[in-house]
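Dear colleague,

I am passing a structure on to you, together with some notes on it. Please look through it before you read on.

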Amino acid sequence: MKDSGSDPAVAVRPPSARLVPITSAVPEPQTDPAAALQGVAALPTIHHLNPMHMQGLQRAVGNQAVNHLLARTTGSLVIQRALLDDFNKSFPDSVALIKASPEAMKLVAEATKAGTKFGGFSEDGPAKIAWPYTAGDTVYVPKARTDKVVAMSDFLFEINNAIRSPAFAALDAEAKKGSKGSLTAKTYAYKKCEQEVEGMLRLGEVWFETKKTMTGGKALDKYDADFFLGEYNAFKAGKKSKDDIIKTILAGANPANNKTHEQIYMEQYVEVSGGK
Amino acid sequence: MKNVEALLAHVRDTEIQFVTMRPPRSQFTTLERRVVVTGPAELVELARMGDRRVLDKLIDLLQQPDRAWAAVVLLAAMTGHESKIIDSYATSPQHWWAALGETAHDRWAAWLQNIGTKLVWDAAQGMFRADAADSP
């Protein structure tokens with residue numbers, strides 16, 4: 001007789017007429033672990049348990065326990081897999097990079113918890129343009145993105161924003177109150193930019209981690225700006241504080257209209273407050 | 001203008017669909033988000049016509065409470081002006097009328113008059129642009 005541990009398909013004892021194989025007594029454990037558990041609990045102790053199904057049941061129950069634990073701590077792992085699985089259907093090479101970065105996986109988990117979905121190619125989405133965007137809670141990445149790093153950057157940038165959308169919305173809600181609210185045009189600008197910078201630093205950390213896992217050397221530096229790696233490195237090295245980065249960005253000029261970013265944010269405040 | 005009139009008939013709050021998005025190549029999610037009309041097909045066509053006269057017609061519609069939100073969404077999509085307002089009311093358009101909708105007609109009429117002939121159609125961007133750095 002083979003050792004059942006090495007071949008779970010072989011039963012320890014042959015089934016007898018009095019013993020009902022567990023396979024006929026309970027549902028397939030991997031597809032419905034809760035029902036399988038209930039089935040096992042209801043069985044009389046004299047039942048013969050097939051080792052193959054015992055192991056399947058252990059796996060299913062173990063997975064279920066881990067999922068429950070992760071759902072309590074970081075959101076739903078089951079849904080996280082769905083978000084990544086959906087993105088994987090269109091951009092498998094980018095998903096492989098995401099999985100190599102703990103920070104990227106954390107972002108995906110948070111996005112999942114926030115209800116973010118992947119809707120497919122941008123060109124086929126509601127806006128029908130070849131540019132990444134988010135419509136409601138659904139992120140789209142253009143099929144024109146044949147570079148796995150750029151596609152990863154687009155995806156993470158958009159889900160990063162989805163995570164921050166409640167914070168952005170809260171700032172807009174406060175701005176709508178105008179002078180009766182807690183924000184001035186200047187503090188609105190600062191806080192909006194602060195949210196942007198927090199997102200930037202997270203993307204910087206993703207690329208810092210991912211770059212180490214890739215071959216390509218200096219050729220990979222061309223992606224640094226997409227992930228704000230310069231700001232991240234300066235922040236990590238203690239050369240710049242978050243406040244420094246925010247103020248630098250606010251003072252920067254928008255080439256489209258020669259206004260500073262702070263001016264643009266302050267104009268947004270005036271717009272949404274109706275000048276009151 | 002016959003075709004435009006037929007398209008304008010679809011400018012209704014109950015019909016318009018849109019998304020807001022960061023402009024191409026922008027690294028900031030909250031700076032100058034663009035409004036893109038996504039449906040129905042008639043309003044997508046209207047937004048992409050590049051016909052300056054459509055702006056006047058839409059501004060007229062700002063005086064009709066049941067059509068004003070749709071009109072302002074189109075105006076923002078076609079000009080970029082007040083896009084932030086659309087973005088901030090995108091999930092609660094019912095609050096827009098009381099806050100900023102009642103004054104929208106006067107605001108937009110003044111803006112269009114002020115910007116005058118500086119507006120030019122940018123086919124690549126699919127929207128009007130003010131053809132001067134000192135535009136309002």
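Predicted model: local features only at pLDDT ≥ 70, side-chain atom pairs only at ≥ 80, totals over all residues.

Residues are numbered from 1 along each chain as its sequence is written, and chains are lettered from A and ligands numbered from 1 in the order in which they are written.

In chain A, an open sheet of three strands has the order S1-S3-S2, with mixed pairing; strands (E, at least two residues) and helices (H or I, at least four) are DSSP runs numbered from the N terminus, and two strands pair if DSSP finds at least two bridges between them. S1 and S2 of chain A each have a single partner strand and stand at the edges, so one side of each is left without a neighbour in the sheet. Strand S1 (residues 117-121) and strand S3 (residues 138-141) of chain A pair in the parallel sense over four bridges, with A:Lys117 opposite A:Thr138. S2(A) and S3(A), by contrast, run antiparallel and are joined by three bridges; A:Tyr133 stands opposite A:Tyr140, and A:Thr134 has A:Val139 as its bridge partner. The hairpin of these two strands has two residues between them, and in it A:Gly136 takes a positive phi near 65°.

Turning to the contact between the chains, 18 residues of chain A are in contact with 17 residues of chain B, where contact means that the C-beta atoms, placed from the backbone, lie within 7 Å. On the chain A side, strand S2 (133-135) and the helices H7 (148-176), H8 (185-213) and H11 (261-273) give two or more residues each, and H11(A) gives the most, with five residues.

Chain B has seven helices and four strands, which run α-β-β-α-α-α-α-α-α-β-β from the N terminus on. Its radius of gyration (taken over C-alpha atoms) is 14 Å, close to the 14 Å that the globule rule (2.2 Å times the number of residues to the power 0.38) gives for 136 residues, so chain B is as compact as a globular protein of that length. Of those 136 residues, 43% count as buried, that is, 20 or more other C-beta atoms, placed from the backbone, lie within 10 Å of the residue's own.

With best regards

Notes
Contact = placed C-beta atoms within 7 Å. Buried ≥ 20, exposed ≤ 12 C-beta atoms within 10 Å, placed from the backbone.
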